[in-house]
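Colleague: I am new to this structure. Could you take me through some of its local features?

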Amino acid sequence: MKILVSDPLSEEGLTILRDSGIPVDVKTGLSEDELCSIIGEYDGLVIRSGTKVTRKVIEAGSKLKVVGRAGVGVDNVDIPAATEKGVLVMNTPAANIISAAEHSCAMIMALARNIPQAHESMHRGEWKRSKFSGIELNGKTLGIIGVGRVGGEVARRLKHFNMTMIGYDPFLPPEVADEIGVRLTNLDEVLTTSDIMTIHTPLLPETRNMISMPQFKMMKPNAMLINVARGGIVNEDDLYTALKEKVIAGAAFDVWCDEPLCENEKKLLELENLVTTPHLGASTAEAQERVAIEIAHSVIKYLNDGEIVNAINAPKGKMDPAVAKFMDLAKRMGSLAYQLNGMKPIETLEITVSGELAAKDTRVLNMAVQIGILDNIVGAGAANMINVSAIAKAKGIDVKESKKEEAEVYDSTLEVRIETDGDVFDLVGTVIGTPRLVGINGYRLEVPLGGHMLLARYTDTPGTIGKVGKVLGDAGINIATMSVGRDVPAGTAVMALSIDDPVPAEVLKAVDEASGFTDSKYAEIQ
């Protein structure tokens with residue numbers, strides 16, 4: 001066996017790899033073609049954010065068994081391609097928490113006391129005390145948007161500054177927030193009452209541009225905004241306007257939509273009331289050492305002993321083939337169920353395995369469903385086979401699992417039922433070559449489960465399907481597959497479409513108006 005390290009890794013991590021007895025090569029800065037030309041020699045690949053593990057790389061890795069990402073984000077790894085080839089992908093989801101939290105606190109202090117601006121002025125030989133007068137944190141209100149692992153650590157530190165702490169996190173149980181001294185409330189109250197706001201949410205479709213000009217106008221004129229989470233959560237054009245026109249007093253940003261900054265973003269650097277750092281949240285000696293040590297141990301445990309730690313996916317060779325082929329279905333069903341639920345917090349999750357599959361050990365399918373849900377809440381890669389149960393519990397999700405010996409119509413099915421505030425979504429899926437959605441809320445249908453999907457409940461009347469097709473056609477959106485389930489003629493029906501492109505909000509509204517849909521949803525399943 002051999003291991004390739006294709007990005008810079010701390011010496012501590014390299015020592016662990018070398019001490020394992022497995023030969024290790026360090027070759028950094030490789031292009032995709034260069035990596036493809038040598039990856040066939042290696043059983044393990046250790047990366048950070050620089051290496052792009054594309055489908056081409058995965059397919060060239062004829063001996064590749066594991067990709068270890070020293071860090072959290074795995075957007076530089078083609079997870080579906082790795083899963084198809086039975087290549088395990090691992091990361092280190094908790095190693096950067098303390099560093100990110102401390103950097104957030106440092107940015108808050110630097111902004112409140114004008115430290116970077118005063119430093120720069122001093123180095124120009126100036127002495128302008130009055131220009132850089134700051135504010136105390138004592139007695140101020142800190143608003144935390146996303147009171148999760150990093151946000152919680154920020155709260156634990158800043159409570160000692162005698163700050164009043166409020167937070168917005170629809171997925172955090174109130175008792176957890178109470179324990180760290182944060183009063184949970186809605187986003188509007190956080191925006192309107194906070195003196196300082198710090199963002200700690202993943203970048204998801206529903207969090208992209210969640211702070212834009214309407215939100216800036218809700219803030220106090222003396223408000224300050226800190227983002228050490230992800231670029232794209234705050235609209236950067238609106239941030240520029242809000243700071244330049246003094247809609248808010250200041251901001252401190254470590255993350256950006258484009259990294260390094262593109263030309264359009266560089267105008268932000270002209271603003272005196274913006275403190276900036278080049279994505280340093282996890283850039284501490286301790287964090288880099290920690291991620292290197294963790295991923296080195298994880299890769300060695302898997303290659304030597306077959307032990308899986310911090311897995312993003314699951315290798316098909318390590319489980320029953322009948323169960324393995326349902327893994328992708330399970331994750332997709334979790335994602336679809338959550339999106340159909342309107343992205344609301346889930347109270348109860350019930351997973352039922354029926355038919356021939358019920359005789360197997362299907363615990364990994366339960367976990368895969370939870371990961372599909374949590375990818376939409378905590379970000380892709382944060383939940384894995386090791387920590388998914390703990391994260392689901394922390395988000396207040398009550399998970400139940402059951403089995404039935406017989407399945408209706410199909411040999412084996414997987415049912416996912418979620419409940420929130422009395423609303424219930426019940427999905428049934430199976431695998432017929434590829435993942436298929438075969439039931440929704442008691443209605444039978446059959447449509448491929450993946451990619452772009454449009455689902456709707458409506459009154460079954462002649463011409464409805466044609467109306468939907470016309471609106472989508474006029475918008476240049478092609479329908480790949482359509483399936484309809486209904487109770488009785490002219491009764492209630494459910495329509496599911498697999499389509500080639502995303503459905504913008506205005507097109508979805510037009511579909512509703514043209515067809516009389518009462519409950520249509522667009523979902524994107526990775």
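This is a predicted model: local features need pLDDT of at least 70, side-chain atom pairs count only at pLDDT 80 or more; totals for chains, interfaces and linings use all residues.

Colleague: Is glutamate 153 buried or exposed?

Modeller: Buried means under 20% relative accessible area. Glutamate 153 has 18% relative accessibility, so the residue counts as buried.

Colleague: And what is the relative accessible area of arginine 156?

Modeller: Arginine 156 is partly exposed. That class lies between the 20% and 50% cut-offs. The value for arginine 156 is 32%.

Colleague: What is the N to O distance between arginine 183 and glutamate 189?

Modeller: Their side chains meet in a salt bridge. Arginine 183 is partly exposed at 43%, and glutamate 189 is partly exposed at 25%. The N to O distance is 2.7 Å.

Colleague: Which helix holds both aspartate 474 and lysine 470?

Modeller: The two side chains form a salt bridge, N to O at 2.9 Å. Aspartate 474 is exposed, and lysine 470 is too. They lie four residues apart, about one turn of the helix, and that helix is H17, residues 464-474.

Colleague: Which residues gather in a patch of negative charge on the surface?

Modeller: A patch residue needs over 30% relative accessible area and no salt bridge. Glutamate 12, in helix H1 (residues 11-19), is partly exposed at 35%. The residues in the patch are Glu12, Glu102, Glu286 and Glu289.

Colleague: Which backbone nitrogen lies 2.9 Å from a polar atom of the side chain of asparagine 235?

Modeller: Start from the loop between strand S10 (224-227) and helix H11 (236-244), where asparagine 235 lies. Asparagine 235 counts as buried, at 18% relative accessibility. The nitrogen in question belongs to aspartate 238.

Colleague: Where is the lysine with phi near 60°?

Modeller: That residue is lysine 246, and its phi is positive although the residue is not glycine. Its relative accessibility is 57%, so lysine 246 counts as exposed. Lysine 246 is placed in the loop between H11 and S11.

Colleague: What is phi of asparagine 441?

Modeller: Asparagine 441 sits in the loop between strand S17 (434-440) and strand S18 (443-448). The residue is partly exposed, at 32% relative accessibility. Its phi is positive, in a residue other than glycine, and lies near 50°.

Colleague: What is omega of the cis peptide bond that joins glutamate 259 and proline 260?

Modeller: Proline 260 is in the loop between strand S11 (250-253) and strand S12 (274-276). The cis bond joins this proline to glutamate 259, with omega at about -5°.

Colleague: How far apart in space are glycine 491 and glutamine 339?

Modeller: Glycine 491 lies in the loop between strand S20 (479-486) and strand S21 (492-499). Glycine 491 counts as buried, at 14% relative accessibility. Along the sequence, 152 residues separate glycine 491 from glutamine 339; in space, C-alpha to C-alpha, the distance is 25 Å.

Colleague: What separates the C-alpha atoms of methionine 163 and aspartate 195?

Modeller: Methionine 163 is in the loop between H7 and strand S7 (164-168). Methionine 163 has 8% relative accessibility, so the residue counts as buried. Aspartate 195 is 32 residues away along the chain, and the C-alpha separation is 10.0 Å.

Notes: Residues are numbered from 1 along each chain as its sequence is written. Side-chain values use heavy atoms; hydrogens and water are left out. Patches are made of residues with over 30% relative accessible area and no salt bridge: like charges are joined within 9 Å, nonpolar side chains (Val, Leu, Ile, Met, Phe, Trp, Tyr) within 5 Å. Accessible areas come from the Shrake-Rupley method with a 1.4 Å probe; for residues, only the protein chains shown count as cover. A salt bridge is a side-chain nitrogen of Lys or Arg within 4 Å of a carboxyl oxygen of Asp or Glu. Lys and Arg count as positive and Asp and Glu as negative; His and the chain ends are not counted. The place of a charge is taken as NZ of Lys, CZ of Arg, CG of Asp or CD of Glu. Helices (H or I, at least four residues) and strands (E, at least two) are DSSP runs, numbered from the N terminus. Buried means under 20% relative accessible area, exposed over 50%, partly exposed in between (1.4 Å probe, protein chains only). A polar contact is a pair of N or O atoms within 3.5 Å; within protein, one must be able to donate a hydrogen and the other to accept it, and residues adjacent in sequence count only if both atoms are side-chain atoms.
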